[in-house]
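Open your viewer and get ready to select residues by chain. Here is a short tour, with something to look at on each stop.

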Amino acid sequence: MPSIRNLLMRQEVIIGLTIVALSIFIGLVNPSFFSTANVFRILRATIIVGMFAMGVLIVLISGGIDVSFPAIAVFAMYVTVSLIRSGTLPDNLILSYILAALIGLGLGLFNAIFIAWLRLPTLIVTLGTLSLFRGVLLFFVGSQRIRIAEVSPSLTELSRANLLTVENPGGGVANLHLAFAFLIVLAVIVWLLLRYTMLGRSIYAIGGDREAAERVGFNIRRTQFFIYAFVGLLAGITGLTFSALSREADPFSIVGIELDVIAAVVLGGASITGGRGTVIGTLLGVLLITLMSSSLVLLGISSDWQRFVVGLLIIIGTTIPVLQARLRRRVAA
Amino acid sequence: MATLAQDKPKSWLSDLSLDGTIIRLFIIVAALFAIFSLARPDAFPTVRNLQSMAFQSAEIGILALAVALAMLTGGIDLSINSTANLTAVLAALLLTNFKDTAPELAVVGAFLIALVIGPLCGAFNGFLVAHVGIPPILATLGTMTLFKGIGTVITKGAAIFAIPQFAFIGNGDILGIPIPFIIFLVVAALVGMMMSRTRYGFEVYLLGTNPLAARFSGINNRSVLMRTYITSGLLSALAGLISLGRTNAARVDFGESYVLLTIMICVLGGINPAGGAGRMVGVVLALVALQLLSTGMNMVLFTSSGANFFKEAAWGATLLLVLVVELISARWKQRSRRKLKSEG
């Protein structure tokens, strides 16, 4: 039985308690917070950030950082939708997702060449590819918005698909979008990967101590190739999902979200220096940031405060693990 | 750092001395200038074009110097742009409030605001990095959002306009040379000399190379970090004033792409992102190269939006190329050194 003190040393517990306390507070100020419609609205807002966060989590655990994933996502999404529009790709949801995933995989492998093979610093490489992928997309592929409803019945159908439909007592219905299931399935896959596979252990190992991992016999190059290819693949899938949720393929969208996603993952307890991070923590981090930024209006606070609050949250969230580490050292000594 | 180990007093030109990175950058700058001058002899190598390029690059250049300082310590500063915009917003508020009663005083006040806000923002970063111990990329990610948030709360997201008396800092020129560019050159020279000639600069390089060794050689790492982030904040605030003068308006979301762009300029300019190596001359040359590339592309491709997209791709490709070239030259150097050792 872990003591309360040990529980409080875990970032997931602190973030979880914060979410509960915050929810109760918002609910007391404005009871409509607990309405099914509002809960579903918040959950829907976590889908895209949450899916991206799963990829970022793996990268951070391995001791790297990736800022290029939004560019990969928008590239895969826009190319796929453009091909459907031109008739090159049949309008089939499964085919679309396979193509988007493959494009993402290809661009992820491009990152991996520089990072795993040439061993260049991850932040700088992905900064370069972020700019390269987006520039190539806008210059060679196109810069016009495409309305999903005009080109793809299958994606339109996805955009209207619901996972859950609950009838409101006061009339009308509240819908939870189907894509929320994508996030859950993805989270389970990443959780299984990190917890029960040798590959998952090697990701933690190279993030914890690269040299030691190498001496124990982990293949760092192969692990890094997997990580960046997997993040690319995830980004491709998330990009296409984004187009279904927003009902348009906008080549200027998504890029700009990268620092927000990294902030959510870090808030969830992943260490930016590698070796530490969990799926549960990451999901809670995403939920807390979404909750904070989407509930200010319910509290009667102007949405102008959103940035300020999120910034404060990041600073507090990154201070906690540092203080915990100091406390641990003091207890040990 | 070879430049640090000298016993003899340095000549004034030693800050501009050549090494592999600087020579490569010179070649890139010269090649870009030649190519675009041949492609558009009517428009590219003209005084007017040179002036307009100088106007455009000054504020990004100053921000790049701010990032370079943080990078030399082994850190990074993502909050530069938020600090610049917050300064611009506060300065613009002061200017509009006193535009009828005391415009000249308000202009002086705007500079005082920058002198206070910039170092204050920087000191907060420095506190989080040096005293709390948050990794710089996270600390400044947080303050980037926080400072922007403060600006949003103050302005409610709207643009605040400056006054004509303030335009000189962004639009004026002396003997045809744009004032913002003069400011940039002076700042670059000052920062460059500070890094190569003062005790503080020496400490920054040592801290960036090996923080533990720096501490055991008696350097107060915390104080060095504090001073670095405070300087970075001051430079950002200055860039904010220049953009306020140039565009005559302050917005909290102005120039959001600058953050990643300035990091790119630093790396292209040979600043080691892990800290400890790189020179300000390199940053200046990298800035010039990127400006030549983007203006040149605009002229060759005629359409400015298409050229912007192409430019973005070209920047990314250039960064990756430079990384690979640096890697190959480093490995080559290592190999020849090993060879020398085995022969000797």
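Start at helix α4 (residues 103–132) of chain B, which supplies the largest share of a nonpolar patch, 5 residues. Helices are DSSP runs of H or I with at least four residues, strands are E runs of at least two, and both are numbered from the N terminus. Now select B:Val108, B:Leu112, B:Leu115, B:Val116, B:Leu120 and B:Leu234: together they form this patch on the surface, with about 550 Å² of accessible area. B:Leu112 is found in helix α4 of chain B. Patch residues have over 30% relative accessible area and no salt bridge, and nonpolar side chains (Val, Leu, Ile, Met, Phe, Trp, Tyr) are joined within 5 Å. A salt bridge here is a side-chain nitrogen of Lys or Arg within 4 Å of a carboxyl oxygen of Asp or Glu. Accessible areas come from the Shrake-Rupley method with a 1.4 Å probe, and for residues only the protein chains shown count as cover.

A word on what you are viewing: this is a predicted model, where local features need pLDDT of at least 70, side-chain atom pairs count only at pLDDT 80 or more, and totals for chains, interfaces and linings use all residues. Residues are numbered from 1 along each chain as its sequence is written, chains are lettered from A and ligands numbered from 1 in the order in which they are written, and side-chain values use heavy atoms, with hydrogens and water left out.

Next, select B:Gly255, B:Glu256, B:Ser257, B:Tyr258 and B:Val259, the closest to the centre of the second largest pocket among its 45 lining residues. About 1,400 Å³ of space lies in this pocket. By class, its lining has 20 nonpolar, 15 polar and 10 charged residues. Nonpolar means Ala, Val, Leu, Ile, Met, Phe, Trp, Tyr, Cys and Pro, charged means Asp, Glu, Lys and Arg, and the others, Gly among them, are polar.

Pockets and cavities are found on a 1 Å grid over the protein atoms alone: in a cavity a 1.4 Å probe fits but cannot get out, a pocket is an open set with protein on both sides within 12 Å along at least five of seven lines, and lining residues have an atom within 4 Å of a point. Grid points are joined across faces, edges and corners, and a volume is the space filled by probe spheres set on the points.

Which residues line the largest cavity? Select A:Ile65, A:Val67, A:Leu123, A:Leu127, A:Leu259, A:Ile262, B:Ile76, B:Leu78, B:Ile137, B:Leu260 and B:Ile263. Its volume is about 70 Å³, and its lining has 11 nonpolar, no polar and no charged residues.

Technical notes:
Patches are made of residues with over 30% relative accessible area and no salt bridge: like charges are joined within 9 Å, nonpolar side chains (Val, Leu, Ile, Met, Phe, Trp, Tyr) within 5 Å.
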